[in-house]
Amino acid sequence: MDPSHGRDGGARQPGATADRSTLTLHINGTERTLTLDHRTTVLDALREHLDLTGAKKGCDHGQCGACTVIVDGRRANSCLLLAVAHDGARVTTVEGLADGDRLHPLQEAFVDRDALQCGYCTPGQICSAVGMLGEAADGFPSHVTARTAAVSAPASLDAAEIRERMSGNLCRCGAYPRIVEAIEDVAP
């Protein structure tokens with residue numbers, strides 16, 4: 001078989017091989033084309049191929065949330081996402097939340113509330129909070145949302161709702177009270 005063609009006989013992308021594919025990701029508003037091993041996660045693509053180190057490799061099993069980014073408008077653990085499965089996706093990292101020198105309101109709130117200690121989990125916490133606020137605005141219920149709440153209406157975000165919705169993001173330093181306060185400051 002001609003190595004420049006895939007198994008189905010179609011032409012491969014330049015640089016693609018049997019174990020590598022060329023794909024395009026829209027990272028923080030910039031189109032980036034990469035040729036990656038099929039096993040490369042979005043997290044590893046960001047950190048090792050694009051030098052975007054905001055998302056952290058914590059547990060590498062989707063249990064700590066340190067790698068949380070926004071993918072096509074939804075928060076996701078980037079350590080669990082194969083990059084080749086997200087060809088064409090729009091990915092926002094903590095580096096892409098600010099508008100030039102102006103921080104995102106959640107970034108400002110985290111600084112104002114001192115909602116971090118070592119800072120390792122902070123990028124994932126902030127990206128998760130951005131995604132969580134979007135989910136609540138879209139009416140997505142959580143485990144603690146009142147059963148009588150209208151599903152189509154924005155969810156009310158008190159401290160209990162915020163804690164539940166952020167429960168997938170761990171802070172080993174224990175800055176949780178300040179994290180909740182920072183999110184409350186920004187929540188509608």
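I shall speak about the sheet, then the cores, and then the salt bridges.

First, the basis of what you see. This is a predicted model, in which local features need pLDDT of at least 70 and side-chain atom pairs count only at pLDDT 80 or more, while totals for chains, interfaces and linings use all residues. Residues are numbered from 1 along each chain as its sequence is written, and side-chain values use heavy atoms, with hydrogens and water left out.

Let us begin with the sheet. Five strands form an open, mixed sheet in the order β2-β1-β5-β3-β4. Strands here are DSSP runs of E with at least two residues, helices are runs of H or I with at least four, and both are numbered from the N terminus. Two strands count as paired if DSSP finds at least two bridges between them. The edges are taken by β2 (30–37) and β4 (74–77), each with a single partner strand, so one side of each is left without a neighbour in the sheet. On average, neighbouring strands are turned by 40 degrees against each other, direction ignored.

How many bridges join β3 and β4? Strand β3, residues 68–71, pairs with β4 in the antiparallel sense over four bridges. Val69 has Ala76 as its bridge partner in β4, and Val71 stands opposite Arg74. Two residues lie between the strands of this hairpin, and Asp72 takes a positive phi near 50 degrees.

Helix α1 (residues 42–49) lies across β1, β2 and β3, at about 105 degrees to β2. Helix α3 lies across β3, β4 and β5, at about 40 degrees to β3. For these angles, axes are lines fitted to C-alpha atoms, for helices over the stretch in contact (heavy atoms within 4.5 Å), and the angles run from 0 to 180 degrees between N-to-C directions.

I turn now to the cores. A nonpolar core is a set of buried Ala, Val, Leu, Ile, Met, Phe, Trp, Tyr and Cys residues joined through side-chain atoms within 4.5 Å. Buried means under 20% relative accessible area, exposed over 50%, and partly exposed in between, with a 1.4 Å probe and protein chains only. The largest core has 25 residues, of which Phe110 and Ile183 touch the most other members. Helices α2 (105–112), α3 (122–137) and α5 (176–186) each give two or more residues to this core, and α3 gives the largest share, six residues. A second, separate core of 21 residues includes Ile27, Leu36, Ala55 and Val69.

Which residues of α5 are buried? They are Ile179, Val180, Ala182 and Ile183. These residues cover an arc of only 160 degrees around the axis, taken from the directions to the C-beta atoms, which puts them on the same side of α5. They pack against α2, α3 and α4 (159–165).

Finally, the salt bridges, of which there are eight. The term requires a side-chain nitrogen of Lys or Arg within 4 Å of a carboxyl oxygen of Asp or Glu. In helix α4, Glu161 and Arg165 are four residues apart, about one helical turn, and their side chains meet at 2.7 Å, N to O. Both residues are buried, Glu161 with a relative accessible area of 5%.
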